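Hello,

Here is the structure I promised to pass on. Please open it first, then read the notes below.

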Amino acid sequence: MRRNFTLAYLILVAVQILICNYFHVSHYVMLSILPAMILCLPPKCGPTVSLLIAFATGLAVDFLADGVPGLNAMALLPVAMLRLPVIRFVFGEDVFESGGFSLRRNGILKVSFAIILVLALFLILYILADGAGTRPFWFNISRFGASLLAGYLLSLLIVDILSPDNRDL
């Protein structure tokens, strides 16, 4: 990974920690930029490295924010495992040659689809584990929908920040 990407990634981890600690919209909205950050790892980053980065990132947010230890890490690991298949499915093989995807090169529809896939996976796992069967179904569905919408909008910004078009600026 390039130096600018690593620095931007670490700053965004700090931003996620600040969001978790100080920016509570409601009980229905859980803002997370972590799935988009994992999705934006360079394609040359293999599954093992992606899993290690996701685990370390999730644990850092869990321990430095007001969450349950291990909750973000648990929900983020499947995102890291399915990152490359999602990229292949949505963007095709040419992304691996070009060094990654971006809003400018791939368009907002493809990027949105990829974001929604990884964010939905993350939120389903996070909300189910967070509620642990104690919250009603309607609350979980409402929380999922509101969090998906809010997280999607924030994730578009994250993808633009971490895209390969902006890495060497």
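Helix α3 passes helix α4 in a right-handed crossing. Keep in mind that this is a predicted model.

Start with that pair. The axes of α3 (residues 47-64) and α4 come within 8 Å and cross at roughly 160°. That is over 145°, so α3 counts as roughly antiparallel to α4. On the α3 side, the contact is made by P47, S50, L51, A54, F55, T57, G58, L59, V61 and D62. On the α4 side, the partners are L71, N72, A73, L76, L77, A80, M81, R83 and L84. By class, the residues of this contact divide into 13 nonpolar, 4 polar and 2 charged.

Next, the other partner of α4. Helix α4 (residues 71-91) also packs with helix α6 (residues 103-131). The angle here is about 155°, and the axes are 9 Å apart. Again the angle is over 145°, which means that α4 is roughly antiparallel to α6. The crossing of α4 past α6 is right-handed. The contact of α4 with α6 has 21 nonpolar residues, along with 2 polar and 2 charged ones.

Now to single residues.

**N72**

N72 lies in helix α4. Is N72 buried or exposed? Its relative accessibility is 5%, so N72 counts as buried; the cut-off for buried is under 20%. Which residues does N72 contact, leaving aside neighbours within four places in sequence? They are L34, G58, V61, D62, F122 and Y126. With D62 there is a polar contact as well: the two side chains are joined at 2.9 Å.

**N21**

N21 sits in helix α1 (residues 3-22). At 25% relative accessibility, N21 counts as partly exposed. Not counting residues up to four places away in sequence, N21 touches L64, A65 and D66. The N21 side chain reaches the backbone oxygen of L64 at 3.1 Å. For a sense of scale, take N21 and I87: they are 66 residues apart in sequence, and their C-alpha atoms are 31 Å apart in space.

**Where to look**

For the side chains, show N72 with D62, then N21 with the backbone oxygen of L64.

Best wishes

Technical notes. Residues are numbered from 1 along each chain as its sequence is written. This is a predicted model: local features need pLDDT of at least 70, side-chain atom pairs count only at pLDDT 80 or more; totals for chains, interfaces and linings use all residues. Side-chain values use heavy atoms; hydrogens and water are left out. Axes are lines fitted to C-alpha atoms, for helices over the stretch in contact, and angles run from 0 to 180 degrees between N-to-C directions. Helices (H or I, at least four residues) and strands (E, at least two) are DSSP runs, numbered from the N terminus. Angles under 35 degrees count as roughly parallel, over 145 as roughly antiparallel, 65 to 115 as roughly perpendicular and the rest as oblique. A crossing is left-handed if the near helix is turned anticlockwise from the far one by less than a right angle, and right-handed if clockwise. Ala, Val, Leu, Ile, Met, Phe, Trp, Tyr, Cys and Pro count as nonpolar, Asp, Glu, Lys and Arg as charged, and the others, Gly among them, as polar. Buried means under 20% relative accessible area, exposed over 50%, partly exposed in between (1.4 Å probe, protein chains only). A polar contact is a pair of N or O atoms within 3.5 Å; within protein, one must be able to donate a hydrogen and the other to accept it, and residues adjacent in sequence count only if both atoms are side-chain atoms. Contact means heavy atoms within 4.5 Å.
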